[in-house]
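Here are my notes on this one, as numbered points. Have the viewer open while you go through them.

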Amino acid sequence: MRKTYDIAKETRIEALKKLLDEPSTTLENKYFLTTKIIEEYEKYSFDSTLFYIEQNIATAKAINNIYLEKESILKLAKLLVQSGRYKESIDALNELNRKELPEKLLNKYYYNYKEGYSGLSFYTSVQKSKKNYSSLYQAYQDSLMQRLGANSDESLALKEKNLRDQRKINEALQINSKRLSQVKLGTPLYSLITFERALLYDLNNHHDQQKKYLILSAISDIQSSVKDNASLTELAMVFFKEGDIDRAHNYIDFSVEDAELYNSRLRYINISNKLSVISKAYEARSIEQKEELKKMLLFISVLVLFLLITIFYIYKQIKKLSAARKSLKNANNQLKDLNEQLSFSNEDLNRLYNELSDSDRIKEQYIGTFLNLYSDYINKLDTYRKMVRTYIVSNRTNSLLELTKSKQVIENELNLFYDNFDKSFLHIYPNFVEELNQLLHEDKRIVLKKGESLNTELRIFALIRLGITNSSKISKILRYSVNTIYNYRVKVKNNAINRDEFENMVKKIS
């Protein structure tokens, strides 16, 4: 994904450059646009960052803004110190007069001096100079600490470093956790904090955690297009020590590409020592693999010889088998006659099976027809009831009027219809309720009330088992509305283990 993130960064930079080149852009706006470009380039390209910082220094002088000029010089000093050019950074800072610096810039001033003398102290071999640089480093660090807020990341980072130097690892990890909770993956600061956390775990010999946070730091570096990075180089060494030479070699090559793009002397120095060790191991492993390959080729050659011998042996056996096939041919002819006899028997069995299937279909059709006739009979009774009521309303007879006011006759006939249907259906499919419940989730199975053979839901799916799947036909038979039938069907299907195949499985209940 590195190219994707780099393209996004280049796109942002090009957009800023277009704004910068517009004729209507004032010098003040050019300064602030250039500042945005510097922020994009800061961890991406040393040469480009240096170019635009020098542009900003010239712009600040052109508009005669002392504050912006000193701010840009401090950015230059920071860039130089971060790329390992410590002496050049100190020289740039020495051009500034401490007393003339605005209050807002003092933190950056002390920070750059601290980092510059820290680097000089670490890399110099002359003890007298090392002692002098260390003293200056401590002085500027103390000055910076007095100005920083107690909970600022800069203050916490200094405290963490001091604890790390004193090998108070657990206390340093607590501060690092606080810093890490305030940043997000994919930012340069997240990359730095996770890298420093990996250093702490390395000192504590927790190498799994060290590897984890180096990986997180490397991912964050890639997502934020940080080319001046150290995580992947350290991760390469971790895998090298674990014996994973291929991954170590890939990661160190990746780091070299980033270092070349950024043009950092310090990063080249750090990578070069590790690169030589990994490259030698990679070359040695390659030579070893070539030797192994030679041995394998020799082994394969021997196998090929044995294969040729085996093929010759198999050829002779094939000839023997050819003779055996001739004797088997006669036996096959006899089997063919037997197969023909079996074929006739199979045809008889198929005929019997088809007859049984026809019988089942007739039985199901008969039940469906019977139910439709029964339902029509109920409809006729209801029609008759309405007709009699009409006569009564027209004052033909008072006794009939009283009789037609009750639906008891219809309800009795309907209950009788349900009872006959339940008995007839369960006579043919006695295990229908149990088998249908097996298709439902255990907590959704249908429980019949005392005295019930089937209920409405079961009668609907009993008709579906008989081949009556149309909701309007079912509603006509059971004397419910189509919507009611549909709702019952959906409700039960929703409780099924396999909703899509539920009705098809109902149709197969035996």
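1. Let's start with a helix pair: α8 and α9 cross in a left-handed sense, meaning that the near helix is turned anticlockwise from the far one by less than a right angle (clockwise would be right-handed). Helix α8 covers residues 153-165, and its axis comes within 8 Å of the α9 axis at a crossing angle of roughly 160°. The two are therefore roughly antiparallel to each other; the label applies to angles over 145 degrees, while under 35 is roughly parallel, 65 to 115 roughly perpendicular and the rest oblique. On the α8 side the contact uses D153, L156, A157, K159, E160, L163 and R164, and on the α9 side E171, A172, I175, N176, K178 and R179. By class that is five nonpolar, one polar and seven charged residues.

2. Some housekeeping before going on. This is a predicted model, where local features need pLDDT of at least 70 and side-chain atom pairs count only at pLDDT 80 or more, while totals for chains, interfaces and linings use all residues. Residues are numbered from 1 along each chain as its sequence is written, and side-chain values use heavy atoms, with hydrogens and water left out.

3. Now the terms. Helices are DSSP runs (H or I, at least four residues), numbered from the N terminus. Contact means heavy atoms within 4.5 Å. Axes are lines fitted to C-alpha atoms, for helices over the stretch in contact, with angles from 0 to 180 degrees between N-to-C directions. For classes, Ala, Val, Leu, Ile, Met, Phe, Trp, Tyr, Cys and Pro are nonpolar, Asp, Glu, Lys and Arg are charged, and the others, Gly among them, are polar.

4. Next, α3 (residues 46-62) against α4 (residues 66-82): their axes come within 8 Å and cross at roughly 165°. That makes α3 roughly antiparallel to α4, and this crossing is left-handed too. F46, T49, L50, I53, N56, I57, A60 and K61 of α3 meet L68, E69, S72, I73, K75, L76, L79 and L80 of α4. This contact has ten nonpolar, three polar and three charged residues.

5. α3 also packs on α2, with axes that come within 9 Å and cross at roughly 160°. α2 and α3 are therefore roughly antiparallel, and the crossing is left-handed. From α2 the contact takes L27, K30, Y31, T34, T35, I37, I38 and Y41, and from α3 it takes S48, T49, Y52, I53, N56, T59, A60 and A62. These divide into nine nonpolar, six polar and one charged.

6. Which residues have the most contacts inside the largest nonpolar core? They are Y109, Y113 and Y117, in a core of 40 residues. (A nonpolar core is a set of buried Ala, Val, Leu, Ile, Met, Phe, Trp, Tyr and Cys residues joined through side-chain atoms within 4.5 Å.) At least two residues each come from α1, α2 (27-41), α3, α4, α5 (86-94), α6 (106-123) and α7 (127-147). The biggest giver is α4, with seven residues. Another core lies apart from this one and has 32 residues, among them V433, I446, I477 and A496.

7. Look at D6 in helix α1 (residues 2-20). At 12% relative accessibility D6 counts as buried (under 20% relative accessible area, with exposed over 50% and partly exposed in between, using a 1.4 Å probe and protein chains only). Beyond its neighbours within four places in sequence, D6 is in contact with Y44, S225 and K227.

8. S225 turns up again with T187: they are 38 residues apart along the chain, and their C-alpha atoms are separated by 9.0 Å. T187 sits in the loop between α9 (169-180) and α10 (188-203) and is partly exposed at 28%.

9. Finally, two backbone checks. N64, in the loop between α3 and α4, has a positive phi near 60° without being glycine, and is exposed at 62%. R479 is not a glycine either, yet its phi is positive at about 65°; this residue lies in the loop between α19 (471-478) and α20 (482-494) and is partly exposed at 29%.
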